[in-house]
Amino acid sequence: MEKNSAEKNPVTLLGLGAMGTAMARTWLAAGNPLTVWNRTPARAAALAADGAGLADTAAEAVAANTLIVVCLLDDTSVDEVLSGVDLAGKDLVNLTTSTPAQASARAEWARDRGAQYLDGGIMAVPPMVGVPEAGGYVFYSGSQQLFERHRETLAVPVGTAYVGEDAGFAALHDVALLSAMYGMFAGAAHAFALIRREAIDPAALAPLLADWLVAMAPAVHQTAEQLRSGDYTNGVVSNLAMQVAGTPTFLNTAQQQGVSPELLTPYFELMRRRLAEGDGEEDLTGVIDLLVR
């Protein structure tokens, strides 16, 4: 049975950009009493018809509830908005995009002001908010007690994934996954560039490319196991020496197609360096060790 709004956990939300607004509407639809504040008052006013309480200042919004969710532009904005605001006794959940170091520093900052702290890394775009089947979620790190206390409320807009007591871990997971995403986009961009001047429909290549990337994705599990064991030769199908030997084909094809190889050459160079230093029978996992300074 659905709880009525009086039984739902009240939330204060600071920041009503596209993501903040989507989350606000989802909490309101679920019956969570919501107090909102935004630097541009018009965005906050637009939620009043849906039942949101409007605060004139960030301090007023923070004073209204125990659970404070912050979804601002950047870490500097958090400083500016919460400067001088009384956070004693508050449960501060920061969904503002930051680096792991910034998140860890913000946790200390919050504790110094008497607040419990939880950092979040949002793995979703606004249209995924409030749509469970879309698969969006937020990484959370910091106080596990705080996470468990508000887990149900935090899961209303999108799913939740707690990744550890270290407040920087949510941001680290966020950036790690997004870094892999950009690497995938780089590979896809190179693939489309190769056919750009040919009589090949990009729409015909797209499903082939998507299926291929899906088929290759499980390789990350083997990489993880090799990193854990330290044995980079375990389960190898195409060894490093063979793959390095094949790289000229990719570079020559790019040249022949009039395509810059700049998205591929950094990775190929790491492969060649690893081969020169290590065992040609190992997997590509060794390039990771070259990246860690």
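Is Glu 225 buried, exposed or partly exposed? Glu 225 counts as partly exposed, at 45% relative accessibility. Keep that residue in mind; the tour comes back to it. This is a predicted model.

**Stop 1: the whole chain**

Start with everything shown as a cartoon. The protein chain has 12 helices and eight strands. Its C-alpha trace spans about 65 × 45 × 40 Å along the principal axes. Now colour by burial. Of the 293 residues in the protein chain, 39% are buried. The accessible surface of the protein chain comes to about 15700 Å². Carbon and sulfur atoms hold 58% of that surface. Contacts are next. Among contacts in the protein chain with a separation of 6 or more, 58% join residues 24 or more positions apart.

**Stop 2: helix H1 and Ala 24**

Select Ala 24. This residue lies in helix H1. Is Ala 24 buried or exposed? Ala 24 is buried, because its relative accessible area is 0%, and buried means under 20%. Show what surrounds it. Apart from neighbours within four places in sequence, Ala 24 is in contact with Leu 13, Leu 16, Leu 34 and Leu 47. Then draw a distance from Ala 24 to Phe 169. The C-alpha atoms of the two residues are 25 Å apart in space. In sequence, Ala 24 and Phe 169 are 145 residues apart.

**Stop 3**

Arg 25 is in helix H1 (residues 18–30), while Asp 50 is in the loop between helix H2 (41–45) and strand S3 (53–54), so the pair ties together parts that are 25 residues apart in sequence. Asp 50 is partly exposed, with a relative accessible area of 42%. Arg 25 is partly exposed too, with a value of 37%. Such pairs follow a general idea: side chains of opposite charge can pair when their charged atoms come close.

**Stop 4: other salt bridges**

How many salt bridges does the structure hold? The structure holds 10 salt bridges. Select Asp 75, Asp 79 and Arg 106. These residues are linked in a network of salt bridges.

Move to helix H6 and pick Glu 148 and Arg 151. Their side chains meet in a salt bridge of 2.7 Å, N to O. Both residues lie in helix H6 (residues 144–154), three residues apart, about one turn of the helix. Glu 148 is partly exposed, at a relative accessible area of 39%. Arg 151 also counts as partly exposed, at 37% relative accessibility.

A salt bridge joins the side chains of Arg 228 and Glu 225, at 3.5 Å from N to O. Helix H9 (residues 219–229) contains both, three residues apart, about one turn of the helix. Arg 228 counts as exposed, at 70% relative accessibility. Glu 225 counts as partly exposed.

**Stop 5**

Select Asp 283. Look in the loop between helix H11 (265–277) and helix H12 (286–291). Asp 283 is buried yet has no salt bridge. Which side chain of opposite charge is nearest? That is Arg 274, 10 Å away. A salt bridge needs the nitrogen and the carboxyl oxygen within 4 Å.

Show the side chain of Gln 226 next. A polar contact of 3.2 Å joins the side chains of Asp 283 and Gln 226. Then widen the selection. Not counting residues up to four places away in sequence, Asp 283 touches Gln 222, Gln 226, Tyr 232, Val 236, Ser 238 and Leu 240.

**Stop 6: a nonpolar patch**

Bring the surface back. Select Leu 178, Tyr 182, Met 184, Phe 185, Trp 212, Leu 213 and Met 216. They make a nonpolar surface patch of about 700 Å². Helix H7 (169–195) and helix H8 (202–216) each supply at least two residues of the patch. Which helix gives the most to the nonpolar patch? H7 gives the most, with four residues.

End on Phe 185. This residue lies in helix H7. Phe 185 is partly exposed, with a relative accessible area of 42%.

Conventions: Residues are numbered from 1 along each chain as its sequence is written. This is a predicted model: local features need pLDDT of at least 70, side-chain atom pairs count only at pLDDT 80 or more; totals for chains, interfaces and linings use all residues. Side-chain values use heavy atoms; hydrogens and water are left out. Patches are made of residues with over 30% relative accessible area and no salt bridge: like charges are joined within 9 Å, nonpolar side chains (Val, Leu, Ile, Met, Phe, Trp, Tyr) within 5 Å. Accessible areas come from the Shrake-Rupley method with a 1.4 Å probe; for residues, only the protein chains shown count as cover. Buried means under 20% relative accessible area, exposed over 50%, partly exposed in between (1.4 Å probe, protein chains only). Lys and Arg count as positive and Asp and Glu as negative; His and the chain ends are not counted. A polar contact is a pair of N or O atoms within 3.5 Å; within protein, one must be able to donate a hydrogen and the other to accept it, and residues adjacent in sequence count only if both atoms are side-chain atoms. Contact means heavy atoms within 4.5 Å.
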